[in-house]
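Here is a walk through one protein model, taken a piece at a time. Keep the structure open while you read, and turn it as we go.

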Amino acid sequence: MSRYWSPVVHTLTPYVPGEQPKINNLIKLNTNENPYGPSPKVLTAIRDANSDALRLYPDPNADALKATVARYHGVKHEQVFVGNGSDEVLAHAFCALLKQEKPLYFPDISYSFYPVYCDLYGIAAVTPALTDSFEIDLAAYGGAGAIIFPNPNAPTGRLLALEAIHTLLARLPDVPVVVDEAYIDFGGESAVALVERHPNLLVVCTLSKSRSLAGLRVGYAIGDAALIEGLERVKNSFNSYPLDRLAQAGAIASFEDEAYFQETRAKVIASREWLIEDLQELGFEVLPSAANFVFARHPGHDAATLAAGLRARAVLVRHFKLPRIDQFLRISIGTDAECEALVKALAEIIRP
């Protein structure tokens, strides 16, 4: 703490990211990274980027990347915004769209960066509770000045049907709605399909998960051109060059290898389904998941104790010490070998 801090700094409780440990031979299933790595075309594009050009600023508008994203999703160039990871895109959306006269609504159990953004920007928030089965109840969002939620939700992994989102947008046409789709490629239908019918909808996506580019930091949003202009105004009042040349080149290449994308996402989905079965055989309750992770609890074993036992066996998972979910573990989907090692370690703990 410093006497030189601005007053707002004293009020902030920063987001705590998942641990990035420096331990050899650790099975890391705590931060929802993709176990298969990016497309070889991404690596080639980064390697072939003109190193001499690194002395020059990158394209501040990332026009080539925006054009690639627009073609991929079948939208217009002016409907695309890009940023330094979806977290930056979300930060700009909170500033540009979600600070309204009436409160912002988001689920009580959701991405823990949302309340951090609210504190940073001075946004009043209401957090409707998930149902007893940990589903988002959009009927409870009627009093909102703005709305944001992940789909699938994090950390639960539960998916909202596209029709439910359409109904919400139609019911509240004057309310900006942000759908955070970090995990949509692992089991859901993107709300991008609703953008043309609903000018109040912004869909935020990332290349960190399904395209294995968490280390490259590329995110984007798709929405009505007027919403995108709001994001651009905020971005250009903050950082005109958020994506470097290598990030833009790698991101473009990731969209140019659809076969690799489909192959690796299918592997993750298949591993998720058999991991759920194996966990259930060990007595775990596992929530239905449309993400690249599962959310599970065991009726006979404390979650913190299980997480500690796994760590002692060089397996790292995520445990949230929060109301209603403190007995759950969030387990990222790894390779088949990593998932098998996880199940073996859990069996040793549960059935010594």
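Let's settle one term before anything else: a residue is buried under 20% relative accessible area, exposed over 50%, and partly exposed in between, using a 1.4 Å probe and protein chains only. Bear in mind that this is a predicted model, where local features need pLDDT of at least 70, side-chain atom pairs count only at pLDDT 80 or more, and totals for chains, interfaces and linings use all residues. Residues are numbered from 1 along each chain as its sequence is written, and side-chain values use heavy atoms, with hydrogens and water left out.

With that term in hand, look at R217. It sits in the loop between β7 (201-206) and β8 (219-223); helices (H or I, at least four residues) and strands (E, at least two) are DSSP runs, numbered from the N terminus. R217 has a positive phi of about 65 degrees, although it is not a glycine. Its relative accessible area is 28%, so R217 counts as partly exposed.

A314 is another non-glycine residue with a positive phi, again about 65 degrees. You'll find A314 in the loop between α10 and β11 (315-316). Because its relative accessibility is 27%, A314 counts as partly exposed.

Now for some cis peptide bonds. The loop between β5 (146-150) and α6 (162-171) holds P152, and P155 lies in the loop between β5 and α6 as well. The bond from N151 to P152 is cis, with omega near -5 degrees. The bond from A154 to P155 is also cis, with omega near 15 degrees.

Four strands make an open sheet in the order β9-β10-β13-β12, with antiparallel pairing. Its edge strands are β9 (285-286) and β12 (318-319), each of which pairs on one side only. Two strands count as paired if DSSP finds at least two bridges between them. In general, strands of a sheet pair through backbone hydrogen bonds, either parallel or antiparallel.

Let's trace the pairings. A hairpin of 6 residues joins β9 to β10, and these two strands pair in the antiparallel sense over 2 bridges. E285 stands opposite R297 in β10. On to the next neighbour: strand β10 (residues 293-297) and strand β13 (residues 329-332) run antiparallel and are joined by 4 bridges. There, F293 stands opposite S332 in β13, while A296 has L329 of β13 as its bridge partner.

What covers the sheet? Helix α9 (residues 258-281) lies across β9, β10 and β13, running at about 10 degrees to β10. Axes are lines fitted to C-alpha atoms, for helices over the stretch in contact (heavy atoms within 4.5 Å), and angles run from 0 to 180 degrees between N-to-C directions. Helix α10 (residues 303-312) lies across β12 and β13, at about 35 degrees to β13. As for β10, it is mostly covered, with 4 of its 5 residues buried.

Finally, find T13, in the loop between α1 (7-11) and β1 (27-28). At 57% relative accessibility, T13 counts as exposed. Leaving aside residues up to four places away in sequence, T13 touches V116 and D119. If you'd like a distance to check on your screen, the C-alpha atoms of T13 and D174 are separated by 31 Å, and the two residues are 161 residues apart along the chain.
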